[in-house]
Amino acid sequence: VHSRSLEGRPGQRLLRKIARNTGCDPRAALDMTPEYVKAVLEPRGMLDRPILFITDHQRPEILEHLLADPDIGPNIRLI
């Protein structure tokens, strides 16, 4: 999991463009909720695997929420 902030209008503009082109949620990858991470990993059978977490440390609450989740928290490895 790569959690990073895309600061300011250029980052927001980029995410809107990607969302339009892919049909993906423009906020989900930024907010990186436990539900989002589980929705990505579960269909691939990867919920019980280590989850490497890479971050720019601008939103520490993301890591806190992931670590607090009973399903994926024990598998988080901070890089």
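1. Helix H1 covers residues 8-22, and its 15 residues, at 1.5 Å a residue, should span 21 Å; the end C-alpha atoms are 21 Å apart, which agrees. The expected span is taken as 1.5 Å times one less than the number of residues in the helix. Helices here are DSSP runs of H or I with at least four residues, strands are runs of E with at least two, and both are numbered from the N terminus.

2. The model is predicted, so local features need pLDDT of at least 70 and side-chain atom pairs count only at pLDDT 80 or more, whereas totals for chains, interfaces and linings use all residues. Residues are numbered from 1 along each chain as its sequence is written, and side-chain values use heavy atoms, with hydrogens and water left out.

3. The protein chain contains 4 helices and 3 strands. Read from the N terminus, its elements follow the order β-α-α-α-β-α-β. The C-alpha trace spans about 35 × 25 × 15 Å along its principal axes.

4. Of the 79 residues in the protein chain, 29% count as buried. Buried means under 20% relative accessible area, exposed means over 50%, and partly exposed lies in between (1.4 Å probe, protein chains only). The protein chain exposes about 5600 Å², of which carbon and sulfur atoms supply 55%. These areas come from the Shrake-Rupley method with a 1.4 Å probe; for residues, only the protein chains shown count as cover.

5. Contacts in the protein chain with a separation of 6 or more are to 70% made by residues 24 or more positions apart. A contact requires heavy atoms within 4.5 Å.

6. Which residues of H1 are buried? They are Gly11, Leu15 and Ala19. Viewed down the axis of H1, the buried residues fall within an arc of 70 degrees, so they line one face of the helix. The arc is that of the directions from the helix axis to the C-beta atoms. Helix H2 (28-31) is included in what covers these buried residues. On the other side of H1, the residues Arg9, Pro10, Arg20 and Asn21 are exposed.

7. Leu14 also lies in helix H1, but counts as partly exposed because its relative accessibility is 43%. Leu14 and Pro26 are separated by 12 residues in sequence and by 9.4 Å in space, C-alpha to C-alpha. Just after H1, Gly23 adopts a positive phi of about 80 degrees.

8. The largest nonpolar core has 10 residues in all: Met32, Val37, Leu41, Ile51, Phe53, Ile62, Leu63, Leu66, Ile72 and Ile76. Helix H3 (34-41), S2 and helix H4 (60-68) each supply at least two residues of this core, and H4 gives the most to it, with 3 residues. A nonpolar core is a set of buried Ala, Val, Leu, Ile, Met, Phe, Trp, Tyr and Cys residues joined through side-chain atoms within 4.5 Å. Leu41, one of the core residues, touches Met46, Leu47 and Ile51, not counting residues up to four places away in sequence.

9. In H4, the buried residues are Ile62, Leu63 and Leu66. Seen down the axis of H4, they fall within an arc of 95 degrees, so they line one face of the helix. The face turned away from this buried side carries the exposed residues Glu64 and Ala68.

10. Thr55 belongs to strand S2 (residues 51-55). Thr55 is buried, because its relative accessible area is 17%. The side chain of Thr55 reaches the backbone nitrogen of His57 at 2.9 Å, a polar contact being a pair of N or O atoms within 3.5 Å; within protein, one must be able to donate a hydrogen and the other to accept it, and residues adjacent in sequence count only if both atoms are side-chain atoms. Thr55 also touches Ser3 and Leu78, not counting residues up to four places away in sequence.

11. Most residues other than glycine have a negative phi. Met32, which is not a glycine, has a positive phi of about 45 degrees, and His57, also a residue other than glycine, has a positive phi near 65 degrees. Where do they lie, and are they buried or exposed? Met32 is found in the loop between H2 and H3 and counts as buried because its relative accessibility is 7%. His57 lies in the loop between S2 and H4 and counts as exposed because its relative accessibility is 55%.
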